[in-house]
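Hi,

Here is the structure I promised to pass on.

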Amino acid sequence: MIYNKSVGYKHEIEAMVLGVLREGPLHGYKISQSIRAQAQGLLKLGDNQIYPVLHKLEESGLVQAEWQPQEGKPPRKVYSLTEKGSERLETHQKDWQRYTNSISMLIGARAATDV
Amino acid sequence: MSEVLVDYLVSQYANDLQKELYVRGVPAEKTKAVLGESEAHLRDMFEERKPETAESYKNLMGQFGSAKSLAKEIAKERERSAASRKFWWPALVTFILAEILLHRGKPGPGSIAYSVATVIFGIGALLVLGFVARKPSVGQFGALLVLMILGGSAYAGFTGYPIGNLTASGVVGPPYMILNLQEVPGFVKRSQDVIAKRQLIINQIGVGGDFYASGKAETLVPSFLKANGGYLSPDAMGRLEVGGVPSPMDTVSNFEDAKKTWTDGFTAKRVADQLNDEMNWSKSSLRYLTWVRNQTFGTQVRMDVLALTLVNVTYCFQALLLTNVGWLIWLLVRFLVRSVRRWRASQTIFGIGAKRVTDV
């Protein structure tokens, strides 16, 4: 099956968050900014929608979080990838690669016959 | 000016978010964490983007998303997390109840009261479990059904015979039941008794019909058509159990009344037909028993599957319905609780230093 459940909508957001955290620990705003910057306008969700995803990832042990105090500002919760999260990210990468390869091949073949 | 505006927007958002989280029953600790993260996010966003016009402030707030949508997703995530846990209790309780009803509810003193109490307890237990599950329960009943049919068939294959309806023409059909090996002699004797007694009563009804139609005198009524000083009607004859004694309610004291019931043209025939059906069913069961005892083990197990499928499908479906009614009750209660909370939230100002409107 080409389009399996691991590349569904929720899983895509989950994969994006894990992908962004691969670069290092980040707080919510930075995570949403990174996703928005790399999504090239494809992301239509409100930035606040990453928080339920982050909480779910934290609960599943894929990311860990720590409140960091700031001077003169409210504390920020900083998220980082766990080992389990890195493994999950690898699975996402493989699934996505397989999916995009299949679609690329299909579209390419169709395009070739059209020419 | 912008700092004041940022404070205002952040506090407004926090109030809305707190209210929406409260309505959805999100615990205080979680609410605090979500509020903290949202505030930090909004302040970082305004600090980095430095909006200058009212329009740009509005756009940034729009980009962050509404408090309602965030609260909705947070509540959904909590429910999803709770629902993702395995909850096999409904299937387990259904199985235990089936065993109790099957093995402890056999005919005997107090068995009806025992079975009724078990069924009432089962209904209550499944409703409660469906409520506690907080999610629809379907798959586990499918698995239970398969296990009960296959496990029951394997068990029945070694411990009994499947009994069904084998007509004189050799057609096998429902209803089916499982007969334990130790019950076989009793079953054969009971069936033979039923056949003999039904045949006797059918014959007597025939004689009775002929007697009353002939217009013979009251003094000549055969003794088997009389009881308790009165006359047995065709219906009373039909109610005579194997070896049973007619009750006073089964007799008519007046000869003419008795004659009317015997000669109305349909009562005697109806009773005789009914007795004939009962007799044929017993004959058919005995034929089936003889037939099935000569079949291979595989054939017997296939017949066991047939015997157990219908009863188990019905039983598991009822358990599934009850459990999911429990879940629907939970949905209703959740809706009511949220409605009450929304009403209470409308009477409250949320946020730092909040006071009830009624306190002001």
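Below is what turned up, starting with how to read the model.

Residues are numbered from 1 along each chain as its sequence is written, with chains lettered from A and ligands numbered from 1 in the order in which they are written. It's a predicted model, so local features need pLDDT of at least 70 and side-chain atom pairs count only at pLDDT 80 or more, while totals for chains, interfaces and linings use all residues.

Chain A has an open, antiparallel sheet of three strands in the order β1-β3-β2. Strands here are DSSP runs (E, at least two residues), helices too (H or I, at least four), numbered from the N terminus; two strands pair if DSSP finds at least two bridges between them. β1 (26–27) and β2 (63–70) of chain A are at the edges with a single partner strand each, so one side of each has no neighbour in the sheet. Seven antiparallel bridges join β2(A) to β3 (residues 73–81) of chain A, and A:Q68 has A:R76 in β3(A) as its bridge partner.

Now for the other chain. Helix α2 (residues 28–49) of chain B lies across β1 and β3 of chain A, at about 100° to β3(A) (axes are lines fitted to C-alpha atoms, for helices over the stretch in contact, with angles from 0 to 180 degrees between N-to-C directions). The contact involves 19 residues from chain B and 17 residues from chain A, where contact means C-beta atoms, placed from the backbone, within 7 Å. α2(B) gives the most to chain B's side, with ten residues.

Cheers

Notes: Two residues are in contact if their C-beta atoms, placed from the backbone, lie within 7 Å.
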